[in-house]
Amino acid sequence: MIMKIISKEELKSLYEKDFYKWVLENVNLLKNKEFDLVDWDNVIEELESMGRSELRSVISFMAVILEHLYKYEHFRENETMRNSWVRSILSSRNQIYDLFEESPSLKNKAKEEIELAWKSAVRRLINWFKYPENKHLTDKYFGRKPTEKYFPEKCPYTFNQIIEYEPWEEKNV
C-alpha cells in the first residue's frame, strides 16, 4: 500500500529522489481526485517528455530506413549487403507501423520531420564509411571520407517512400 505524502513539497522532492514512488503517489492522488496535492509541474513535464520520446522513436526508425534505402540504391556491392538492408528497412517499418497504430497522430507529425530524419541518416551514412571494413567503398565512391556535402541536402525520399518503397521488388535484382 502506498503511503500518502502530506505536502506538495515532499512529493516534489520525490521526483528527484525516487521517481517510481513519485509516479505511484501522483497516480494515487489522481485516482482519489486529490488534484490540489498533485505535483502538476513535473506531471506536465513528464507527459510532454513522453510525447517527444514517441516522436523521437519514429524519427530514429525513419533515419534507419532512409540510410538503408540510400545504401541500397547507391552503395550495394553484394547480396549480403542487400539482404541486411532489406531486413532492417522492413523491421524499422514494422516498428513505425506499431507506433502509428498506438498513436495515429504521430503520422502527421512524422511527415513534418522527414528532413530531421534525413540529417540523422546522413550522419549514419558518414559514420558507416568510417568503418575500417568499408575503406574500399569509401575509396571507390568518394576517394576520401565523405562529409555532408557528398549527400543530398534535402531528403531524396518522400514520406510514402519511407514507409512503402521497396526498390528490391521493382527491379530484377
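In which handedness of crossing does α3 pass α6? In this predicted model, local features need a pLDDT of at least 70 and side-chain atom pairs count only at pLDDT 80 or more, whereas totals for chains, interfaces and linings use all residues. Residues are numbered from 1 along each chain as its sequence is written, and side-chain values use heavy atoms, with hydrogens and water left out.

The crossing of α3 past α6 is right-handed; the term applies if the near helix is turned clockwise from the far one by less than a right angle, and left-handed applies if the turn is anticlockwise. Helices are DSSP runs of H or I with at least four residues, numbered from the N terminus. Helix α3 covers residues 40-74 and helix α6 residues 114-130, and the two pack with their axes 8 Å apart at an angle of about 55 degrees. Each axis is a line fitted to C-alpha atoms over the stretch in contact, and angles run from 0 to 180 degrees between N-to-C directions. The helices α3 and α6 are therefore oblique to each other, a class left for angles that are not under 35 degrees (roughly parallel), over 145 (roughly antiparallel) or 65 to 115 (roughly perpendicular).

On the α3 side, the contact (heavy atoms within 4.5 Å) includes Ile 59, Met 62, Glu 67, Tyr 70 and Lys 71, and on the α6 side the residues met include Trp 118, Ser 120, Arg 124 and Trp 128. By class, the contact of α3 with α6 comprises 13 nonpolar, 1 polar and 3 charged residues. Here Ala, Val, Leu, Ile, Met, Phe, Trp, Tyr, Cys and Pro count as nonpolar, Asp, Glu, Lys and Arg as charged, and the others, Gly among them, as polar.

Side chains of opposite charge can pair when their charged atoms come close. The structure holds 9 salt bridges, each defined by a side-chain nitrogen of Lys or Arg within 4 Å of a carboxyl oxygen of Asp or Glu. Glu 67 forms a salt bridge with Arg 124, with the closest N and O atoms 2.6 Å apart. This pair links distant parts of the chain, since Arg 124 lies in helix α6 and Glu 67 in helix α3, 57 residues apart. Glu 67 is buried at a relative accessible area of 4%, whereas Arg 124 is partly exposed at 33%; buried means under 20%, exposed over 50% and partly exposed in between, with a 1.4 Å probe and protein chains only. Glu 67 also meets Lys 71 in a salt bridge (2.7 Å, N to O). Both of these residues lie in helix α3, 4 residues apart, about one turn of the helix, and Lys 71 is buried, as is Glu 67.

A further salt bridge joins Glu 112 to Lys 109 (3.3 Å, N to O). Both residues belong to helix α5 (residues 105-112) and are 3 residues apart, about one turn of the helix. Glu 112 is exposed, with a relative accessible area of 56%, while Lys 109 is partly exposed at 35%. Elsewhere, salt bridges link Lys 12, Asp 39 and Asp 41 in a network.

Most residues other than glycine have a negative phi. Lys 33, although not a glycine, has a positive phi of about 55 degrees. This residue lies in the loop between α2 (19-31) and α3 and is exposed, with a relative accessible area of 60%.

His 68, in helix α3, is buried at 9% relative accessibility. Not counting residues up to four places away in sequence, His 68 touches Trp 85, Ser 88 and Ile 89.
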